[in-house]
Amino acid sequence: MHRIDDVGELASVCREVRRDILLMVYNAGSGHIGGSFSATELLVTLFFNAMNHDPEHLADKTRDRFILSKGHCTPAYYAVLAHAGYFDPDELLNFRKINSRLQGHPDKSKFPLMETTSGSLGQGLSIAAGKAFALRLDNNSAKIYCMLGDGELNEGQIWESLATIQKYNLSNLIIIVDNNKVQLDGSNIDVKNLEPLNAKFKAFNYEVLEVDGHDINELINTYNFAKTLSDKGKNVIILANTIKGKGVSFMENTAEWHGKAPNDEEYQKALKELESE
Ligand SMILES: Cc1ncc(C[n+]2csc(CCOP(=O)(O)OP(=O)(O)O)c2C)c(N)n1
Ligand SMILES: [Mg+2]
């Protein structure tokens with residue numbers, strides 16, 4: 001796997017990924033843009049800089065694992081996987097097409113690298129906890145990264161998992177929260193307010209690394225620090241402050257673009273904005 005350390009190069013991958021996300025959802029006529037745009041820098045920096053993985057060596061037991069618990073954000077996930085070399089980026093145009101393996105939510109039976117199928121919010125973290133436990137029983141030093149949505153935190157199962165991870169000190173599991181403040185049908189504060197999140201996680205005995213989820217330099221340092229803390233046996237949550245719909249002005253900070261496809265005019269307008277970045 002070609003690891004990228006240069007911030008400018010990572011930013012350029014992010015630009016390509018955002019254009020792919022837009023095209024995939026436009027081409028499919030459905031899909032989740034808002035939470036894919038908010039997670040772009042988080043995923044690109046994870047897969048191209050922080051994580052130990054290699055599409056050429058999928059059987060390597062020591063590779064780090066990733067679970068997208070907010071499974072609806074496949075446009076970002078698939079685009080990152082394609083750019084990282086797991087499949088040809090041309091295949092992204094099959095997104096959400098009948099019989100394609102690029103379904104709206106990740107299907108583990110179609111991709112050897114996936115730890116689980118996901119999309120039913122709240123479940124991914126429990127699965128990640130089980131996998132983290134299994135890795136430890138095998139004396140395997142690989143890390144497992146699990147990405148949650150902030151609206152997903154409304155699921156009670158998340159808080160049960162957080163307590164379980166703490167009880168068994170599953171410090172090989174690093175949790176990333178895409179804190180874009182918006183969910184499907186409104187802002188988190190209006191739907192079910194969980195603030196102050198940072199203090200809540202701390203009260204569950206987690207080390208909370210709060211970060212600007214669009215600042216690649218900060219993300220590189222945060223992932224590195226998270227790994228160091230994890231090696232020292234600490235349970236870590238990266239609380240990444242992001243903007244839902246980041247990159248396209250009329251999609252930013254709104255639930256409207258949670259899961260809607262752009263029409264022709266909106267597509268052109270959005271593309272123009274992404275190309276002028
Ligand atoms: C158990 C469950 N309930 C409802 C849904 C429908 N759903 C899909 S995405 C979503 C909102 C998620 O919001 P958030 O976690 O904030 O995601 P993001 O903002 O990153 O897109 C909902 C309610 C689901 N996928 N699973
Ligand atoms: Mg959200």
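Tutor: Two strands pair if DSSP finds at least two bridges between them. Helices (H or I, at least four residues) and strands (E, at least two) are DSSP runs, numbered from the N terminus. The model is predicted, so local features need pLDDT of at least 70 and side-chain atom pairs count only at pLDDT 80 or more, while totals for chains, interfaces and linings use all residues. Residues are numbered from 1 along each chain as its sequence is written, and chains are lettered from A and ligands numbered from 1 in the order in which they are written.

The sheet is open and has five strands, in the order β1-β2-β3-β5-β4, with parallel pairing. Strands β1 (65-68) and β4 stand at its edges; each has a single partner strand, so one side of each is left without a neighbour in the sheet. From one strand to the next, the twist averages 20° (axes are lines fitted to C-alpha atoms, for helices over the stretch in contact, and angles run from 0 to 180 degrees between N-to-C directions). Within the sheet, β2 (residues 144-149) and β3 (residues 173-179) run parallel and are joined by six bridges. C146 stands opposite I175 in β3. Helix α9 (residues 216-231) packs on the sheet, where α9 touches β3, β4 and β5, and its direction makes about 170° with that of β4.

C146 also links this pairing to the packing around it. Leaving out residues up to four places away in sequence, C146 touches I67, S69, G124, L125, A128, L173, I175 and I176; contact here requires C-beta atoms, placed from the backbone, within 7 Å. In the largest nonpolar core, which has 70 residues, the members that touch the most others are V80, C146, L173, I175, I176 and I238. Such a core is a set of buried Ala, Val, Leu, Ile, Met, Phe, Trp, Tyr and Cys residues joined through C-beta atoms within 7 Å. A residue is buried with 20 or more other C-beta atoms within 10 Å of its own, exposed with 12 or fewer, and partly exposed in between. Helix α1 (residues 7-28) gives the most to this core, with eight residues.

L113 is found in the loop between α4 (74-83) and α5 (124-137). L113 counts as partly exposed because it has 15 C-beta neighbours inside 10 Å. Apart from neighbours within four places in sequence, L113 is in contact with L58 and Y86.

Most residues other than glycine have a negative phi, and most peptide bonds are trans. In the loop between α8 and β4 (207-212) lies N205, whose phi is near 70°, a positive value in a residue other than glycine. N205 is partly exposed, because 14 other C-beta atoms lie within 10 Å. N253, in the loop between β5 (236-241) and α10 (264-275), likewise has a positive phi, near 55°. N253 is partly exposed, with 17 other C-beta atoms within 10 Å. Finally, the peptide bond from E195 to P196 is cis, with omega near 0°, and P196 lies in the loop between α7 (188-192) and α8 (197-203).

Conventions:
Two residues are in contact if their C-beta atoms, placed from the backbone, lie within 7 Å.
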